[in-house]
Amino acid sequence: MSSVTNTDRKKGFTINDFKASKEKKIPISMLTCYDFAFAKILDNSDIDVLLVGDSLGNVIAGYSSTIPVTVDQMIYHAEIVRRGAPSKFVVIDMPFMSYHVSVEDSLRNAGRMIKESGANAVKLEGGRDFSATVKALVKASIPVMGHLGLTPQSIHKLGGYSVQGRQEDQRKTILEDAKILEDSGAFSIVLEKVPESLAKEISEKVSVPTIGIGAGRYCDGQVLVLNDMLGLDESFAPKFLKKYASLYDITKNAVNDYCGEVKGRVYPGAGNVYE
Ligand code: KIV
């Protein structure tokens, strides 16, 4: 078992550090990342884990859900992130219908995603229904991160992006699913948009670390969508989100300054021209 200190982490967070972090009660930090420019910044940051999330369907492609995202699109973005952030632990999301047809098909897709992108692990949404798949991937040496609670790929079944697990039967199902994922070999579980008390109970009852988004303060780690926490979309402001910057305003102001200087013949100035 590796012993995790913040100095060690700078050398690179590994699969062993997930469990070690939980045991040592050191919260795990995870952010999504989709492109080279941000990957380079994040590679030089303190962040533990990068997630190439299928949320790229929303924040990069502008789709209204993650449903249309393909395996090829995920590989394309994850390979770029890997190149920009060679020292980070990178998790790649398996997109909708890439692990739903059969265990064999899931293995083939996950194998391609790991081989072609260079990511360290895959993430998939769901519990008991994917137990056999998780076991097969782990057996093939592909680490699997689970994802329970609000599972955006099930948007048509759920009927919206609301908090999951408020009713007693739902709560019981999510808790059981977390145990099933742990027993199937998942090394970590994302809990999205569930009551804080449920996330706390799961985090206490499973030995693998939980990573929360909209799941309160007692998870073993936290994840946010990078573009959201940087404030790139001024219209997106759910209760769980904390914006650490206002890149929407910074970008718009910079663009308007540039336009003004072009129109006013201020840019390019004498210092920006070649002799
Ligand atoms: O796709 C994604 O960004 C995610 C996070 C919300 C955990 O799955």
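**A guided tour of the predicted chain**

Select the C-alpha atoms of domain 1 and of domain 2: their centres lie 39 Å apart. Domain 1 covers 6-244 and domain 2 covers 247-275; these bounds come from an automatic or database domain assignment. The model is predicted, so that local features need pLDDT of at least 70 and side-chain atom pairs count only at pLDDT 80 or more, while totals for chains, interfaces and linings use all residues. Residues are numbered from 1 along each chain as its sequence is written, and side-chain values use heavy atoms, with hydrogens and water left out.

Next, display the whole chain. Along the principal axes, its C-alpha atoms fill a box of roughly 65 × 40 × 40 Å. The chain has 12 helices and eight strands, which are DSSP runs numbered from the N terminus (helices H or I, at least four residues; strands E, at least two).

Now select α3 (residues 36-43) and α5 (residues 71-84). Their axes come within 7 Å and cross at roughly 40°; axes are lines fitted to C-alpha atoms, for helices over the stretch in contact, and angles run from 0 to 180 degrees between N-to-C directions. α3 is therefore oblique to α5 (under 35 degrees counts as roughly parallel, over 145 as roughly antiparallel, 65 to 115 as roughly perpendicular and the rest as oblique). In the contact (heavy atoms within 4.5 Å), F36, A39, K40 and D43 of α3 meet I80, V81, R83 and G84 of α5. By class, this contact of α3 with α5 has four nonpolar, one polar and three charged residues (Ala, Val, Leu, Ile, Met, Phe, Trp, Tyr, Cys and Pro count as nonpolar, Asp, Glu, Lys and Arg as charged, and the others, Gly among them, as polar).

V71, D72, M74, I75, A78, E79 and R82 of α5 meet N109, R112, M113, E116 and S117 of α6. The contact of α5 with α6 has five nonpolar, two polar and five charged residues by class.

Two backbone sites remain. Select K25, in the loop between α2 (15-23) and β1 (28-32): its phi is near 60°, a positive value in a residue other than glycine. Finally, select Y267 and P268, joined by a cis peptide bond with omega about -5°. P268 is found in the segment after α12 (247-263).
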